[in-house]
Amino acid sequence: MTDDFSAEDWLQQAVEASNDGRHTEARTAFTRALALDPALGEAHLGLGLSYMATRDFAEAVAPLRAAAATPDAPALWQACLAQGLYMTGDFAGCAEAFERAAALEPLATNARLTHARARTFATMIEGSVEAALERYAALAGEGAEDIEVIAREAFAILGVFGHAEAAAALGAWRLARQPDDQIQAYLLQAVSGAAVDRAPPAYVEAHFDSFADKFDHQLVNLLNYRAPERMAELVARHVGSFGAILDLGCGTGLSAPALAQFGGHLTGVDLSGAMLDHARARGGYDALVQGEAIAFLTDHPGAFDLIFAADMVIYFGDLSDLFRAAAGALRPGGLFTLSTESGTGTWTLLSSGRFAHADAYVAQAAGAGWTLLDQESLALRHEGTAPVQGSLHVFQKSI
């Protein structure tokens, strides 16, 4: 590549790199093409799609918007912008972009269904939950999803993007229709700012039973969750092997491969029977038990050398009882490693139903009898348009 490269030359290089999955290189080439020809719509589009491919949705919007604004932009370019806006939570803008695309040519089925969702969510945010749901089927047409599915997913999406008032109104609508729904009852408390200090076990069990089949794909493949591997690396800095290990809140067994390096007897405990079925199929455990975390710890005094809690304490606000129970279940000198979502003050109930904790509060909750061996801040996973920041902690019980 030389200074003789034209905008079209850089565009060709960018497209080839993008097709090969070399997105950083592609973005550089798209940017150089645009420096030479700012009106090159294909380069704006390619740059936006490159960001979309790596789930950098917020960065994708500006180039996709520029592509859609070029003269004679085809319907597909408007639809690409609409998808980027949807992924950043701009549902009104998404619906408008799809409507511009539809004015040029009929929307494909998937685009029509996404448009219907976006317009429905936007109407909810404007304050008309029932009106939005009543209009959904007409907007979606053939292939319209069940209204309960739309309402459930709208509740989660509105909460993620900070539309607490709309989410609360929708949650109340859902709970009125299904008053025995343990999941919705708790999540309505969360988005309404209720004074709750832990997620009810009935909610945790029901939520993860319903989520088990798609848990690994969503958490690892879509949200880039890697906490267990990094937690195990922090533990290995201090101790190389353990006789008895407890994977507390083991879920589908994502932590088992990372824990295999330590040897010893591995027990997994979780409230969800469906999640345990997946852990059993994955393998790596010597025992799997369905049970509540604190109750299990209390019933197994001095049984473990390492307690590993990845993405588990986020369902507790007040951590003092959990630390006391962990201390009782560990042998002298044993380790307790856990991940937390970053918060301020002490702990905060999030609209997701999870809890965020300040690092200083975690150390305070541990109290006397523990030494903090290691701590690291990192992005736990992605959610909405941004990474979820958190911390990994490694505590040692006093000898």
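1. Helix α7 and helix α9 (residues 147–160) cross at roughly 60°, and their axes come within 11 Å of each other; here axes are lines fitted to C-alpha atoms, for helices over the stretch in contact, and angles run from 0 to 180 degrees between N-to-C directions. Helices are DSSP runs (H or I, at least four residues) and strands are runs of E of at least two, numbered from the N terminus. The model is predicted, so that local features need pLDDT of at least 70 and side-chain atom pairs count only at pLDDT 80 or more, while totals for chains, interfaces and linings use all residues. Residues are numbered from 1 along each chain as its sequence is written, and side-chain values use heavy atoms, with hydrogens and water left out.

2. In passing α9, α7 makes a right-handed crossing, a term that applies if the near helix is turned clockwise from the far one by less than a right angle. On the α7 side R117, F121, M124 and I125 meet I150, E153, A154, I157 and L158 of α9, contact being heavy atoms within 4.5 Å. By class, the residues of this contact are seven nonpolar, no polar and two charged, where Ala, Val, Leu, Ile, Met, Phe, Trp, Tyr, Cys and Pro count as nonpolar, Asp, Glu, Lys and Arg as charged, and the others, Gly among them, as polar.

3. Helix α7 (residues 109–125) also packs with helix α8 (residues 129–140), at an angle of about 165° and with the axes 8 Å apart. The two are therefore roughly antiparallel, the word used for angles over 145 degrees. Residues of α7 including R112, L113, R119 and M124 meet residues of α8, among them V129, L133, Y136 and L139. That contact has nine nonpolar, three polar and four charged residues.

4. The largest nonpolar core has 91 residues, and those with the most contacts inside it are F121, M124, L133, L170, Y186, F262 and L306. Such a core is a set of buried Ala, Val, Leu, Ile, Met, Phe, Trp, Tyr and Cys residues joined through side-chain atoms within 4.5 Å, and buried means under 20% relative accessible area. Leaving aside neighbours within four places in sequence, F121 is in contact with Y86, F91, I150, A154, I157 and L158.

5. G263 lies in the loop between α14 (256–259) and β2 (265–270). At 33% relative accessibility G263 counts as partly exposed, that is, between the buried limit of 20% and the exposed limit of 50%, with a 1.4 Å probe and protein chains only. Not counting residues up to four places away in sequence, G263 touches F242 and I245.

How values were computed
Parallel < 35°, antiparallel > 145°, perpendicular 65-115°, else oblique.
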